[in-house]
Amino acid sequence: MTAHEKRNIVIIGGGIIGCTSAYYLTRHPSYDPSKHTITLLEAGKIAGGASGKAGGLLALWAYPSSLVPLSYGLHKRLSEEHGGEQRWGYRAVHCAQVESVGRHLRGPAVEGKTGEAVEGWNAPTGKGDSGREGVSLLKRDAKALGKLRAAGVPGDLDWVDAEGLRAYDEMGDPSTTAQVHPFQFTTAMAELAAEKGVRIKVGAAVKKINYSSSGDAVESVTYEDKTNGGKTETIPATDVVVAAGPWTANVYPTAPISALRAHSVTIRPSRPVSAYALFTQIKLPASFGKTHESNRGKGTKKSFKAGWGEQIVTPEIYARPQNEVYACGEGDHLVALPMGTDDVQVDESRCQDIVDYCASISDELRDGEVTARQACYLPNVNAGSGQPLVGLTGVRGEVMAAGHTCWGIQNGPGTGKLVSEFVFEGEAKSAKVKGLDPRNVL
């Protein structure tokens, strides 16, 4: 099929990969809205899963190396073209690994909101929880700050406890590392695609991809319309893009993709903090915190090294624009992947653990307010090199773009651009991605 023939393109999934695919399909030189229809089917809502609850870190040192440079550059171009700094919080940042010794929490631990992530920006208030003033209880004196400077810690990283910080190792600077707000970026991509003619259908749970009698080509997609009493609908398709993240195996059963649950929180700090993304290693004191996380790691190699009753934890902490900080913990497989993003279970104790870990090394986070406690599922490829699957499946008209692990936001634009090339040109033109070929593992 040539690019000039009539085509019905169906995208399965309204996360970052589906939305960037929709965006770049409408920007491909061969796209002709008079001949080409593009429909995006999403079972829940746009960015309802990991694409709305991820950290949003962008890095030239991410993986896979075949895709990262293309996607990192496209992020910058998208921001310049569409006002990304204001629209989805695009900015360059420093990124570092830090080792700290956590402190016992003094007084009540940070409390705050439960439920969905805040969809707008968080305006600074100058107050912590319960409306009290966010005044640091352990003020940094000149001597403490001097120790940080002597250790090579940047002068503006002043929101991590000086006495507890043991090591600082920069992983990336503003020339190699940036960030976006994932929910706002993903929804913006969907909106920009819709402006060019993409039909976005939410509440559309895909049940199956239908193939020709010989099985060598796609013919249609069947879905349940949750907005119309669960009515079953089937739409014709000349091309299908499978971008369902951890739910990919539900519509493509042989896809070797599993799901990892991840918890995260967002905190409005007691004052604005500088632009750093931190990969931490925190040694907690014995009997730390109000939850039982300090007992979960006993018997592991790290906790044994730390000593009985102590634990080393590794939350990632990213400062965002507009006075927001994102933090996430380690993943788990305790709860199987649910039917959709609306059914994801949030373990409040795991969220509180993350909050407490942050509070143990930062007065600004301890005295702040939690604005979201949330969980999502990340897609992992359990075959071959474990890299994402981006390319043709071997069935005419079918493209797979899934399994991006924790780098989905980073690699979304590059994947979307490649999808547009696979659909309209039959091959990747912007990057050499043979190592990501789904046919290697399907």
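The dialogue below reads salt bridges and a strand pair in a predicted model.

Trainee: Before we look at any contact, on what basis are the residues and values given?

Mentor: This is a predicted model in which local features need pLDDT of at least 70 and side-chain atom pairs count only at pLDDT 80 or more, while totals for chains, interfaces and linings use all residues. Residues are numbered from 1 along each chain as its sequence is written, and side-chain values use heavy atoms, with hydrogens and water left out.

Trainee: How many salt bridges does the count come to?

Mentor: Side chains of opposite charge can pair when their charged atoms come close. With a salt bridge defined as a side-chain nitrogen of Lys or Arg within 4 Å of a carboxyl oxygen of Asp or Glu, the count comes to 19 salt bridges.

Trainee: Which parts of the chain does the pair of Arg 271 and Asp 158 link?

Mentor: The closest N and O atoms of Arg 271 and Asp 158 are 3.2 Å apart. Arg 271 sits in the loop between β13 (257-268) and β14 (276-284), whereas Asp 158 sits in the loop between α5 (142-150) and β6 (165-172), 113 residues apart; here helices (H or I, at least four residues) and strands (E, at least two) are DSSP runs, numbered from the N terminus.

Trainee: Is Arg 261, by contrast, buried or exposed?

Mentor: Relative accessible area, taken with a 1.4 Å probe and protein chains only, is called buried under 20%, exposed over 50%, and partly exposed in between. Arg 261 is buried at 2% relative accessibility, and Asp 332 is buried at 6%, whereas Arg 271 is partly exposed at 29% and Asp 158 is partly exposed at 26%. Arg 261 and Asp 332 meet in a salt bridge of 3.1 Å, N to O. Because Arg 261 lies in strand β13 and Asp 332 in the loop between β17 (324-328) and α10 (348-361), this pair ties together parts that are 71 residues apart in sequence.

Trainee: What joins Arg 103, Asp 161, Asp 363, Arg 366 and Asp 367?

Mentor: Salt bridges that share partners join these five residues into one network.

Trainee: How many bridges join β13 to β18?

Mentor: Two strands pair if DSSP finds at least two bridges between them, and in this model 12 bridges join β13 to β18, which run antiparallel. Within that pairing, the bridge partner of Val 265 is Arg 373 in β18. Strand β18 (residues 369-381) is mostly covered, with 12 of its 13 residues buried.
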